[in-house]
Amino acid sequence: MTTERAVFAGGCFWGMQDLIRKEPGVISTRVGYTGGDVPNATYRNHGTHAEAIEIIFDPSQTTYRRLLEFFFQIHDPTTLNRQGNDRGVSYRSAIFFTSEEQKAIALDTIADVAASGLWPGKVVTEVEPAGDFWEAEPEHQDYLERIPNGYTCHFPRPNWVLPRRSGAAA
C-alpha cells in the first residue's frame, strides 16, 4: 500500500487527533511539535513550535485536499496564534507540506476558504515546508480516547462544505 504524510497545526493537538483519526483513509496519527526553534521539543520546552498532528493516509481512499477541507472545518483559521481558549504561537494555524504538490493544494484550498465566507475573518494559516517533527509525550497521544470528556476546542461543523472558487483547480 502506498501512503502519504500530512502535517497540520490548528490549536491543541488533542482535539485535532481525535477527529482526524476517524476520517476514511487515515491509517495513523501522532501528535507532536514542529515548525519552531527547539531541538528535541517537549511539552515543557517547545519554544516556537506549533502543537501539530502527523497524519499517515492512504491516497487511494482519501485525498490531501479532503484532509485539508476537514482540517478547515474543525478549527478556526482566522484567529492568529489562537484556537478557542488556547493562546500563543503553539496554537497557530499552519500547514507543513511535504512536497510541492501538497504546497500547491494547500494554497489553493486556503484561497477557497478565504473566498467562501465560511469564516468571519481573514485566513491566517501559515504554509511552510515540513521539518523536524518531535513526537509528544505518551500522555498526549490519543488523549481524548483515554479521557473522553477531556479538554478540546475542536468540533465538526454540521453541513460545512467548502465551495471551490470559480476557475479553481479541480
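1. Let's start with helix α3, residues 100–116. Its 17 residues at 1.5 Å each should span 24 Å, and the end C-alpha atoms sit 24 Å apart, so the two agree. The expected span here is 1.5 Å times one less than the number of residues. Helices (H or I, at least four residues) and strands (E, at least two) are DSSP runs, numbered from the N terminus.

2. Before going on, some bookkeeping: this is a predicted model, where local features need pLDDT of at least 70 and side-chain atom pairs count only at pLDDT 80 or more, while totals for chains, interfaces and linings use all residues. Residues are numbered from 1 along each chain as its sequence is written, and side-chain values use heavy atoms, with hydrogens and water left out.

3. Which residues of α3 are buried? They are Gln102, Ala106, Asp108, Thr109, Ile110, Asp112 and Val113. Buried means under 20% relative accessible area, exposed means over 50%, and partly exposed is in between (1.4 Å probe, protein chains only). An α-helix has 3.6 residues a turn, so residues three or four places apart point the same way. The cover over the buried residues of α3 includes β1 (4–10), α2 (64–74), β6 (93–97) and β7 (126–129). Just after the helix, Gly117 has a positive phi of about 75°.

4. Now β1, one of the elements covering α3. Five of its seven residues are buried, so β1 is largely enclosed by the rest of the structure. It runs antiparallel to β3 (residues 50–57), with five bridges between them, and Phe8 faces Ile53 of β3. β1 also pairs with β6, again antiparallel, through four bridges; there, Gly10 has Ser93 as its bridge partner. Pairing requires that DSSP finds at least two bridges between two strands.

5. Asn40 has a positive phi of about 55°; it belongs to the loop between β2 (26–34) and β3 and is exposed, at 56% relative accessible area. Asp142 also has a positive phi of about 55°. It sits in the loop between β8 (133–135) and α4 (143–146), and is partly exposed at 27%.

6. Apart from neighbours within four places in sequence, Ala41 contacts Tyr33, His46, His49 and Trp134, contact being heavy atoms within 4.5 Å. The C-alpha atoms of Ala41 and Glu135 are separated by 8.1 Å, with the two residues 94 apart along the chain.
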